[in-house]
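Good morning, and thank you for coming.

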Amino acid sequence: MYRYDTIDKTFVAERVAQYRDQTNRYLQGELSESEFLQLRLRNGLYVQRLAPMLRVAVPYGTLSAHQLRMLAHIARHYDRGYGHLSTRQNMQFNWPDLAEVPDILEDLASVEMHAIQTSGNCIRNVTTDHFAGVAADEQIDPRPFCEIIRQWSTSHPEFDWLPRKFKIAVNGAAADRAATDVHDIGIEIRMEAGDPVFDFKVGGGLGRTPVVGSLIRSGLPAVHLLTYLEAILRVYNRYGRRDNKYKARIKILVRALSAEVFADKVDAEWAHIKDGPSTLTEQEIQRVAAWFAPPEYESLVDQDLGSLRLAHPEFAHWLRMNVTPHQRPGYACVTLSTKVTGIAPGDVSDRQMDAVADWAERYGHGDIRISHEQNFVLPDVRQRHLFDLWSAARNERLAIANIGTLNDIICCPGGDYCSLANAKSIPIAEAIQRRFADVDELYDLGPIDLNISGCMNACGHHHVGHIGILGVDKKGEEWYQISLGGHAGRGASLGEIVGPSFSRAEVPDVIERILDVYLAHRRTGEAFLDCYRRIGIVPFKADVYADAA
Amino acid sequence: MPMLPEGTLLRGTAVADDDWAMLDAQESLPTAGKVLVPVTRWMEEFADLTDADSQRIGVVLEVDTELDAFDVRIHRVPLIAISFPAFNDGRGFSLATLLRTRIGFAGELRAMGSVHEDVVHYLFRCGFDSLLLPPGRNIDVAKRGLSVMSQYYQGSVIEPKPAFRRVQRGA
């Protein structure tokens, strides 16, 4: 993975010093609440319902064991012993003391990490495929380009004060595990005649106005990556709306102008800067790519784990659900599920973090990923160690075999933590997980993405859940609106709302009825989403509201 | 008489006397002294001036002023000020960048309005070289200017080369 050089180190150290000074001035009353707000957001500090929350950037979801141990230390020393994996592949701490944040940032800097631009109206942490570099279906490793974008977007003098937050996702595989269709900019890299080329989709996003992005440029050579991004950002920075925060995302501008006109404006801007000094050099691409060169893989063959499977049915389930093919024979990618009933999805303890760091070193090459589905991924596990890893992970409650199932719920912190939330989301997740506790039933239901957001801001990605749940406020009470048919991967779609919302107590029953409709209609081997796309919303609607009719 | 705007002027990182008074839409041009006028008035009355007066008339742009709304005559203006409605309104940063890199404006480029000491290094990197800080701002912090951050990744108005063209990376 990427390692800091003098420039990165100096930059982060100076930024910590700057923020320490800003914090001191705020605490001494020299900076007002609203002034400090803008400064602290850009350093990762967001104030929630009960306390500040520090969101640490995990660039494109990639961590070293050393870095994860530091996050464990921060959880232990400055927080309440746990952290939260976010849907932007970051880690959040819910209970830091505002005055101690500069110390936390200094600790992060010591392991080449920071919390810059994880909040505020600026370019956020660039995200990618959590299997980047190891996925069997990958055309090109997107991480070097993510790192190049990270550097370009960090403290950009012109683009740190945008109309609204700005999210970039990059994908280099056949499947789209980075949800590039629902980002402000979604970049797909593919190989063309031996060279990487870039397709740009803009104006996707969730939130109040969910939109699937529009393709505005196809086949851009790699050297133009940054100048083309600059052109997009400049058009957005100048013309994006600033009068209404709910209409300020780039998707509103793209929609107002039309994708064609927006693309023309970008092209006109790009014509001025194309081939200018920000043009990437082959040397720079190679320099960054070298950091992501494959580790020293052993020459292995695929393992036959048949007898272990037979002896340990739960291990067999785990292999089937949580283990993904690797590019190299004898290796596997393992997803460690945080979706344990009774624990908020994405919450991990300091002890679990330390354990994951140890496993990454013992069974792989010390590399850890955070997925946008809020799980840990160990990308390089030798297959002969899978059973040992599973056994160890069971002791740490990280071996639940539920990846891709209904219980692998994406969930925002919701009303338990977040001041924006209209409703709680964590108790909904738990109630659903309790209802579908039977693993045979869970596996029979097949792949289902169930996503929960506590408000319209859609941090829980409810629009792109096969089943989406949105917390809404009705006269001071928490209600839940359910949508069906969303999808974040290739061929992305936005869910359709079933109908009037439900009380919290009703939600598990409603989910069960939806799934009963699916089971009654599905063809052999037909997944929930495929079935939904075939039969449409009507049968679901009819059943769910049958009692009301 | 046109009024000097309130606040503290920094040219670079040095406190300077402000000699540019604000002329509003109605006031007539005084017989002497430097004045700043809104861009609409400048285009109507002063854009074609080439005499000595043209060198004592500066222009105030709003952050959403369209570049197409004025023409290359703005080259001759001794000072352009961009008025920030809020310190975190990013449009002024893009406008400054375009004035320097697209229009090639080489005169004094001033940030005024809601200018904050904690964004001075961004302002300088986007090509501003003077700042009118409103009353009550922390001048000592503003005077740190570019020294707050000695390293940058991207190119900018004042250093077009990004880090990878500027230095040997990796050390």
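I begin with two helices. In chain A, helix H7 (residues 250-257) packs against helix H8 (residues 259-273) at an angle of about 105°, their axes being 6 Å apart. Here, axes are lines fitted to C-alpha atoms, for helices over the stretch in contact, and angles run from 0 to 180 degrees between N-to-C directions. H7(A) is therefore roughly perpendicular to H8(A); angles of 65 to 115 degrees count as roughly perpendicular, under 35 as roughly parallel, over 145 as roughly antiparallel, and the rest as oblique.

Which residues of the two helices meet? A:Leu253, A:Val254 and A:Leu257 of H7(A) meet A:Ala259, A:Val261 and A:Phe262 of H8(A). Residues are in contact if their C-beta atoms, placed from the backbone, lie within 7 Å. By class, this contact of H7(A) with H8(A) has 6 nonpolar residues, no polar and no charged ones. Ala, Val, Leu, Ile, Met, Phe, Trp, Tyr, Cys and Pro count as nonpolar, Asp, Glu, Lys and Arg as charged, and the others, Gly among them, as polar.

A word on the source: this is a predicted model, in which local features need pLDDT of at least 70 and side-chain atom pairs count only at pLDDT 80 or more, while totals for chains, interfaces and linings use all residues. Residues are numbered from 1 along each chain as its sequence is written, and chains are lettered from A and ligands numbered from 1 in the order in which they are written.

Now to chain A as a whole. Chain A holds 18 helices and 21 strands, where helices (H or I, at least four residues) and strands (E, at least two) are DSSP runs, numbered from the N terminus. The radius of gyration of chain A is 23 Å, close to the 24 Å that the globule rule gives for 549 residues, so chain A is as compact as a globular protein of that length. This radius is taken over C-alpha atoms, and the rule is 2.2 Å times the number of residues to the power 0.38. Of the 549 residues in chain A, 56% are buried: 20 or more other C-beta atoms lie within 10 Å of their own, whereas 12 or fewer means exposed and anything in between partly exposed, with C-beta atoms placed from the backbone.

Next, a sheet. Five strands of chain A form an open sheet in the order S3-S14-S15-S12-S11, with antiparallel pairing; two strands pair if DSSP finds at least two bridges between them. Strand S3 (62-64) and strand S11 (323-325) of chain A stand at the edges with a single partner strand each, so one side of each has no neighbour in the sheet. S11(A) and strand S12 (residues 331-336) of chain A pair over 3 bridges, and A:Thr324 has A:Cys333 in S12(A) as its bridge partner.

Most residues other than glycine have a negative phi. A:Gln117, however, has a positive phi near 60°, and A:Ser155 one of about 55°. Are they buried or exposed? A:Gln117 is buried, with 25 C-beta neighbours inside 10 Å, and A:Ser155 is buried with 22.

Finally, the contact between chains takes 34 residues from chain A and 33 residues from chain B. On the chain A side, H1(A) gives the most, with 8 residues.
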